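Work through the exercises below with the sequence and the structure at hand. Try each task before reading its solution.

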Amino acid sequence: MIYSILAPIRKRLQNRGNAFLAAVIGLIAMAALVSCGTVNLNELSAPSTQPSADDAQSRQAHSPASLLVRKFERKNETNISLLQYRQADEYLRERAPSKVGIPVLLSTRYAQTEHMAILMKGDGTNLSARSFNDWGFISFVADFEGHIRILEGRFANPAKLGDPFIEVVMMTEKLDKIGAKVGDHLILVYRHPGGNPEPIEVKIVGSWAPLDPKELYWFYDPQYFSEALVVPEETYIDVILPGWEEIGYEYTWFTVYNASESDKDAITAGISQIQEDLDTIFGQVKINVLPFGYLEED
């Protein structure tokens, strides 16, 4: 079971080490993934990689129980609507934990756009005249500020529809790679399926690093976010999704349960109910249970 990424990325999920020594912790990662069309500016197309559920297995290899609930669409098909996102978010955060019936220790949520070409801001409106720097995506992670340190500048303020630009923060490695710095304006180029390129202007207001890269909060290897232009959740939900309906690529809900080996039956029953309920919101979704074989009899 695989999904497509539109630019080269560092491995998302890495082995947490011997997390099994905390045998009472069950890790449940609920990820609804939606893919849509690639950006193509002057025939540029981002190289693709296809990480599979094995990548999640690598990072969560010793976790007693992880779930990846995934939905994705073929290129240029209709993305999930904002209403569907809100319905799924309410369900996965408020109702799904009761389906499993195990206390929640930690939960967060994540979303990202598809990869887009990054251009340095210049004079005039001719995008083709500007140099291509790299690929990146806009994303948010809930409770992000509590798990990072700002190295320079500040965290981004929420944007509103109609603002001339969107504030973002980026990892220092990415800023160095593209030759940008805090205070610079960048242009992301989004192409509507069958339409012309559209510029999305962003301002870099801060650079950041994780407080603890091994913290359970990081459902992906934090280095994956070196490709991200991170915004507040309000910006993503209130500006990005309504402003560019086809732009969404991935949606993830991540929950950590206080589970023991004796909770396998409850987890199995919960998965079945969650699958059924999400199917009514999204259509068919895929659920991976990690590590593979966890729910099988010893």
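**Exercise 1.** Find which residues touch the most other members of the largest nonpolar core.

Solution. Start with the term: a nonpolar core is a set of buried Ala, Val, Leu, Ile, Met, Phe, Trp, Tyr and Cys residues joined through side-chain atoms within 4.5 Å. Buried means under 20% relative accessible area, exposed over 50%, and partly exposed in between, with a 1.4 Å probe and protein chains only. The largest core has 48 residues, and Ile166, Leu186, Ile200 and Tyr236 touch the most other members. Another core lies apart from it, with 21 residues, among them Phe137, Val141, Val205 and Trp208.

The model is predicted: local features need pLDDT of at least 70, side-chain atom pairs count only at pLDDT 80 or more, and totals for chains, interfaces and linings use all residues. Residues are numbered from 1 along each chain as its sequence is written, and side-chain values use heavy atoms, with hydrogens and water left out.

**Exercise 2.** Determine how helix 2 and helix 4 are oriented to each other.

Solution. First, locate them: helices (H or I, at least four residues) and strands (E, at least two) are DSSP runs, numbered from the N terminus. Helix 4 covers residues 233-243, and helix 2 covers residues 82-100. Next, take the axes, which are lines fitted to C-alpha atoms over the stretch in contact, with angles from 0 to 180 degrees between N-to-C directions. The two axes come within 10 Å and cross at roughly 150°. Angles under 35 degrees count as roughly parallel, over 145 as roughly antiparallel, 65 to 115 as roughly perpendicular and the rest as oblique. Helix 2 and helix 4 are therefore roughly antiparallel.

Last, list the contacts (heavy atoms within 4.5 Å). Leu82, Tyr85 and Arg86 of helix 2 meet Glu233, Ile237, Asp238, Leu241 and Pro242 of helix 4. These residues divide into five nonpolar, no polar and three charged. Here Ala, Val, Leu, Ile, Met, Phe, Trp, Tyr, Cys and Pro count as nonpolar, Asp, Glu, Lys and Arg as charged, and the others, Gly among them, as polar.

**Exercise 3.** Is Asp89 buried or exposed?

Solution. Asp89 is in helix 2. Its relative accessible area is 9%, so Asp89 is buried. Leaving aside neighbours within four places in sequence, Asp89 is in contact with Arg109 and Trp253.

**Exercise 4.** Where does Asp143 lie?

Solution. Asp143 is in the loop between strand 5 (132-141) and strand 6 (148-153). Asp143 is not a glycine, yet has a positive phi of about 65°.
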